[in-house]
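Subject: Structure for handover

Hello,

Please find the structure below, followed by notes on what was found in it.

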Amino acid sequence: MKQLLLILLLFVPVCVCAQVRESFDGPEITSNYSWQGDLDQFAIVDGWLVSRASPEEKSASIELPIDYAPSMTWEFEVRIAYKPSNFNHIRMYVYTDDTGMDYFVQVGNNDHEVMLRNAASEEDSPQTLVKTGLGMLEESDVFLRVKLSLEMRKTWFLYVEEAGKYRLLGSYEEEAPVSSSAGGSLRFECRYSKTHVNDFACNFIEVSMDKSAEEPDEEPEEEEEEEEPDVPEEPEEEPDVPDTPSFASGSVRINEVMANPKGSVAFPETEYVELYNTTSGSVDLTGWSFVYGDKETALAALRLEAGGYAVLYRSGREIHVDSPGQAMPLERFPSALANTGKELALLDPSLQTVDRVAYDEAEAGVSWERSGDGFYLSTDPRGGTPGSANSSPGAYEEPEEEPEPSEPDEPEEPVRTIVLPGEIIFNELLPNPYPDGSEYIELYNRSDRVLPLSGLSIALRKTDGSLRTRYPLSSISGTLEPGGFALLSKDIEGVERFYMIVNPSALHELKLPVLANTSSTLVLLRSEDEVVIDEVCYSAEWHAAFVKEEKGVALERIDPDGASREASNWTSASSLEGYGTPGYRNSQFGKPAEENPTGIESPVYEEATGDYAISYRLEQAGYVCRAWIYDASGRLVREVVNHESLGTNGVIRWNGLSGDGSKARTGVYIFYAELIHPNGTVKRRKEVFLVK
């Protein structure tokens, strides 16, 4: 696994330079890099750096000199064989600014958090800049991969890896540049009490620098002034030109826009914007900017060859790019392109506008492609051509001439769709979000008709039966397909920060009423005549018994055809699904009439992921699961889940690693699971299976 990881790292774009890639392959700590510090307090064991510290001390650390750059990334893996606390945790010191302030990532405290902190050197009164609680830190065996990014010496981003992907925990921004220092030390530090001296381990550390983000050196300008005393004016102006070159209008153009990928079959449901180099030479996109409305996003460093295509999209989402196109993931790419249309622009490094366009209302699953006459809907059977030549626009020119007399004006009245009571329902509610998160309301179309949302409003009902302020959904111009979801929030980024987003086009940002954490009555009504479409009087008491902390846990409807006001038809979202499923099917979805077999299956190896999938299907919501892997001799290999709340159906995954982080050897193993319901129902499963 470690060798595969190192091979994959070789394919990082050339603009990113990895100055440290420590895998602790041994045999000595200093075998790969010249680590210094408490070397005698650590040892290499099975490819891990493990603590062998003295109980008389309170900490042990090793450090390595590193260089600084305006944009950097630090990644590392740690293992802690107990529940971390304020006195027993790991710190990774990454950066020291001009004032002597140390920045470090701390894994673990009494509140089970991963944090970005800073403190004056040699002092132990740190300030917390970013913090997020993780359930895995409440376990007695912690295995965690952490990533910290710094952008332009100003903005920090903290991530942890979950299910093979990094999840953003939070960000922090300084008003002034953090540091202008050339370099400092990277320090791995274990802080411990006498009872937890040797319970720390580190497996992988990487420090990379984004060379494309480095600021230009000022020394050449001084040399030119000394070299050319005879011609004072002209030579001084010439060097400024290549620093911020201007490009001809249209030299790189916005060539394709997928604003509404919903329903796409050929491609992932991911929004994208394609760029095309119209020139006969290559163009370095370093320093270029993409503008969405009035929001500007810096492009990643990429060389676009003559006639080449680059596909811009949101980092962390799936994308398909045709050959020979190039993918360009951007963390600040818009979280959701407007389906109704928007103005887009492309700026070169000198901030000159190279291209500016506006696309019209999007059609689901079909991109807007560009020709000499403007944009047209793609005629490619896949719905778009990301990364390759656009389809022919011909197919969309003839239908416009077919409508004959003035009859199109008459059907407009019957076309107006009226939403009937019960057709659109409240499906998921988050009244009590995480700190820095956002409340949300999810709607579901349980009818067999395509329905508009623009004619509806949301309001809270007072205790006297009257309605409070109406919040119209008029800004949502799109329609809701049968079986479709609409996620409403005042801050979409506050939702994306904590939950997996499967369908970005289902997310809508608009003004909404403030939801009480304890209970409230929420009403969906038609704006014109105030006919009630759905109404729910939710309560915090609807949460499952296993939920001790309600913050960040969504209430999910179980049966969409069941009663909205029935407490038994609502429960907490599954912890395995991140306590929320905004914009897609609920983790607790289930219908009482379904007669499919229930229970939990034996682990099945999946070639694509290298994981073992453990499928389950349950007759009702509310089950809690514990599951273990044992070897053929009955020795515990790994606890897969520990009192995790399950949905009505889903998959639990085991990555094939044992408790110490090593890969389980090929052979026969035993899977054992217990499913426990608050009503007293207990299901057990014991199965022999083969590990590859």
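Strand β7 (residues 89–96) is largely enclosed by the rest of the structure, because seven of its eight residues are buried. Buried here means under 20% relative accessible area, exposed means over 50%, and partly exposed is in between, with a 1.4 Å probe and protein chains only. Strands (E, at least two residues) and helices (H or I, at least four) are DSSP runs, numbered from the N terminus.

This is a predicted model, in which local features need pLDDT of at least 70 and side-chain atom pairs count only at pLDDT 80 or more, while totals for chains, interfaces and linings use all residues. Residues are numbered from 1 along each chain as its sequence is written, and side-chain values use heavy atoms, with hydrogens and water left out.

β7 pairs with strand β14 (residues 183–191) in the antiparallel sense, over five bridges. Two strands are said to pair if DSSP finds at least two bridges between them. β7 is also joined to strand β8 (residues 101–107) by six bridges, again antiparallel. Y93 stands opposite R187 in β14 and opposite F104 in β8. The hairpin of β7 and β8 has four residues between the strands, and G100 takes a positive phi near 85° there.

**The protein as a whole**

The protein has six helices and 47 strands. It has 692 residues, of which 49% count as buried. Taking contacts between residues at least 6 apart in sequence, 61% join residues at least 24 apart; contact means heavy atoms within 4.5 Å.

**Two open sheets**

Strands of a sheet pair through backbone hydrogen bonds, either parallel or antiparallel.

Strand β31 (residues 456–460) is joined to β32 by two bridges and runs antiparallel to it. The bridge partner of S457 in β32 is P472.

**Two single residues**

A43 is in strand β3 (residues 42–45). A43 counts as partly exposed because its relative accessible area is 22%. Leaving aside neighbours within four places in sequence, A43 is in contact with I29, W48, L49, V50 and R52. A43 and E28 are 15 residues apart in sequence, and their C-alpha atoms are 7.6 Å apart in space.

S658 is in the loop between β45 (649–654) and β46 (667–676). S658 counts as buried, because its relative accessibility is 11%. With neighbours within four places in sequence again left out, S658 is in contact with V637, R638 and A664.

**Cavities**

Rolling a probe the size of a water molecule over the atoms shows where empty space is left. A cavity is a set of points, on a 1 Å grid over the protein atoms alone, where a 1.4 Å probe fits but cannot get out; lining residues have an atom within 4 Å of a point. Grid points are joined across faces, edges and corners, and a volume is the space filled by probe spheres set on the points.

The structure holds two cavities of 30 Å³ or more. The largest has a volume of about 40 Å³, and its lining includes P431, N432, Y538, H543 and E550. That lining divides into five nonpolar, four polar and one charged residue. Nonpolar covers Ala, Val, Leu, Ile, Met, Phe, Trp, Tyr, Cys and Pro, charged covers Asp, Glu, Lys and Arg, and the others, Gly among them, are polar.

The second largest cavity holds about 30 Å³ of space. E439, Y440, I441, K490, L512, P513 and L515 line the second largest cavity, with five nonpolar, no polar and two charged residues by class.

Regards

Methods: 1 Å grid on protein atoms, 1.4 Å probe; cavity = no way out; pocket = protein on both sides within 12 Å on 5 of 7 lines; lining within 4 Å.
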